[in-house]
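Subject: Structure handover

Hi,

Here is the structure we talked about. Please load it first, then read the notes below.

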Amino acid sequence: MEGDLRGRSAEAREKRRDAASSAAIIIIFLLVALTHLLVLSSHFGATDPLIWWQQRAYAADGGPGGNAVAPDRLLSPDLEDNNPAACLSRHEASRRWKPTRFPMPPYLVERLRWYEANHRRCGPRTALYRDAVSRLRSAARNADHAAAGDHHHTCKYVVWIPTEGLGNRMLSLVSTFLYALLTDRILLVHEPPEMEGLFCEPFPGTTWLLPPADFPHKLDAATFSSRSKESYINMLHNNIIRYGYGDDARAQVLPAYVYLHLETVFLLTASVKLRLQNHTFCDEDHHLINKFDWMVVKSDNYFAVALFMMPMYRRELDRMFRAKGAVFHHLGRYLLRPGNRVWGMVDRFFEGYLAGADERLGMHVRNKQIFPVPPEIMFEQILRCAREHHLLPQVLATSEPPTAEAKKKKKNKAVAVLMLSLKPEYHDKLHAMYYTNATVAGDVVVSVHQPSHDGEQQSDARAHNERALAEIYLLSFCDRMVTTGWSTFGYVAQALAGIRPWMLLPVNRSKMRADVACVRPPSVEPCTHPQPLLLTCQ
Ligand code: GDP
């Protein structure tokens, strides 16, 4: 018995040893498999395993309300992004957008990678940048490198100054970046307090923020105007610079920087005029402007359009953008990803109110102070546009419950309307309409949601701008959209989405009614205000 017991306990010990070694083998196998998985994941560009797992999960189930697409590797410089948590939207926004109709041109990707490398070479905290700043601040100005003939070891910069509302800022920032790409300048951004952390750093391994103390003048929108003595036009008129400067010693007399003033001017006589006046977008002027190492741009508009009209940039632009109608679509998605605070708002709202719907219709209603329209007239126009283009189901003119027959029909479609506006009334009216009345067909449920209604534009308040950016992105995630003509807020959303909206037209003020409720623009590109009447060049 005892021998038997001893025999059995030896057998049991043997079994335990076997089990332990099998467990060890399994653990080792799992560890090896996990390591392979991580190596593989970094090959596919997701340097953070968490992000990789997230992507797999989303790809498997299409993400909550999203498309089953992995983040766009070509667009995002993730491969070199060793801290993906710093900008979640870079990894997560792509699965919210509908699949794009506009493939990223390979040459543009090449140019972006080249730009990133150049920005790392010349950006803040580099020796070349310190040299450039000391030239900017010192009396030597452009003389040193011009005298040394040292064009390869210097860098050129374009400083972007924000002005006006967020939509205007995003349009002018993308235009300035396109200009930087074309002219091999480094884009540096002045970030006032109301824009702090609004956007992620776009270029890996460096910063696009200009340390304000590095610039010789106070950097804010008020410092720069059409009257600035550094304005290119003023310098030209005052004979401070002249056409025909060669690469010779005369370049030494160039002032420290040049300012390009590209703002929309509102004139009572001519209503609105874009300041694309003579000498701002002519080849001969740009040959001269290109001689400055430093330039400052302040603009409230999408001046990228004007660059396409200049012979000197046309060849490069043709290579970068085969589809001319998708310039902002590519560059905006690349450059302007919301920072994590804003992304948190976007994500929470999308998950909470929009993800579960079968279809999302976004609307942005902008009732501008300069031409106010009574809300009921605006609302009538919205409904007319929705009815004429079958964007929303019609409702019964009664609050009676639906008929037994309609009730039998399965409720098989949920439509979420994202209603954006500074005012609550459009949301309230539409919400009341679908709350009170059944739909005619009875098989669609419509819910209406508005994230915020701040009342007035407050572009110098950070929290306000964060809400605006969150809403621009939410709008861009919708399947279809209705926007208001003359509003850059909507232009940015449509271009990010790559979707042509239905655009509400301005009312005819004599009738207080828009004859045509809404139209679809020919492309997803932002409109320019107004058509640039170009330009008398030499
Ligand atoms: P535009 O003036 O219509 O061309 O558009 P901008 O975006 O340049 O300026 C309007 C500003 O008003 C926005 O940037 C926001 O600050 C604010 N705004 C206008 N509509 C909305 C809206 O629907 N939601 C939020 N949160 N802000 C809005």
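Serine 421 puts a polar backbone atom 2.9 Å from an oxygen atom of the ligand. Bear in mind that this is a predicted model. Glycine 167 also uses its backbone: one of its N or O atoms lies 2.8 Å from a ligand oxygen atom. Serine 487 works through its side chain instead, with an N or O atom 2.7 Å from an oxygen atom of the ligand. On its own, the ligand has 560 Å² of accessible area, and the protein covers 97% of that.

Now the shell around the ligand. There are 19 residues in it, and Asn168, Arg366, His464, Ser487 and Thr488 come nearest. By class, 10 are polar, 5 are nonpolar and 4 are charged.

Where do the shell residues come from? Four elements supply at least two residues each: helix H7 (166–183), strand E8 (413–421), helix H17 (462–476) and helix H18 (488–497). H17 gives the largest share, with 4 residues. At domain level, domain 2 (106–335) and domain 3 (346–519) each provide at least three residues of the shell.

Next, the cysteines. How many disulfides does the model have? The count is 3. For reference, a disulfide is a covalent bond between the sulfur atoms of two cysteines.

Cysteine 87 and cysteine 200

- The S to S distance is 2.1 Å.
- The link is right-handed, with 95 degrees about the S-S bond.
- Cysteine 87 sits in the loop between helix H2 (49–61) and helix H3 (88–92), and cysteine 200 in the loop between strand E2 (185–189) and helix H8 (232–237), so the bond ties together parts 113 residues apart in sequence.
- Cysteine 87 has a relative accessible area of 6%, which is under 20%, so it is buried.
- Cysteine 200 is buried too, at 4% relative accessibility.

Cysteine 122 and cysteine 155

- The sulfur atoms are 2.0 Å apart.
- The torsion about the S-S bond is about -70 degrees, so this disulfide is left-handed.
- Cysteine 122 belongs to helix H4 (residues 106–122), while cysteine 155 is in the loop between helix H6 (143–148) and strand E1 (156–161), so the pair ties together parts 33 residues apart in sequence.
- Are these two cysteines buried or exposed? Cysteine 122 and cysteine 155 are both buried.

Cysteine 385 and cysteine 518

- The sulfur atoms lie 2.1 Å apart.
- The link is right-handed, with 90 degrees about the S-S bond.
- The pair connects distant parts of the chain, 133 residues apart: cysteine 385 is in helix H14 (residues 375–388) and cysteine 518 in strand E12 (residues 518–519).
- Cysteine 385 is buried, at 0% relative accessibility.
- Cysteine 518 is buried as well, with a relative accessible area of 4%.

Cysteine 478 has 1% relative accessibility and counts as buried. Cysteine 527 has 27%, between the 20% and 50% cut-offs, so it counts as partly exposed.

Best regards

Note on methods: Residues are numbered from 1 along each chain as its sequence is written. This is a predicted model: local features need pLDDT of at least 70, side-chain atom pairs count only at pLDDT 80 or more; totals for chains, interfaces and linings use all residues. Side-chain values use heavy atoms; hydrogens and water are left out. A residue is near a molecule or strand if one of its heavy atoms lies within 4 Å of it. A polar contact is a pair of N or O atoms within 3.5 Å; within protein, one must be able to donate a hydrogen and the other to accept it, and residues adjacent in sequence count only if both atoms are side-chain atoms. Accessible areas come from the Shrake-Rupley method with a 1.4 Å probe; for residues, only the protein chains shown count as cover. Ala, Val, Leu, Ile, Met, Phe, Trp, Tyr, Cys and Pro count as nonpolar, Asp, Glu, Lys and Arg as charged, and the others, Gly among them, as polar. Domain bounds come from an automatic or database domain assignment. A disulfide is a pair of cysteine sulfur atoms within 2.5 Å. Buried means under 20% relative accessible area, exposed over 50%, partly exposed in between (1.4 Å probe, protein chains only).
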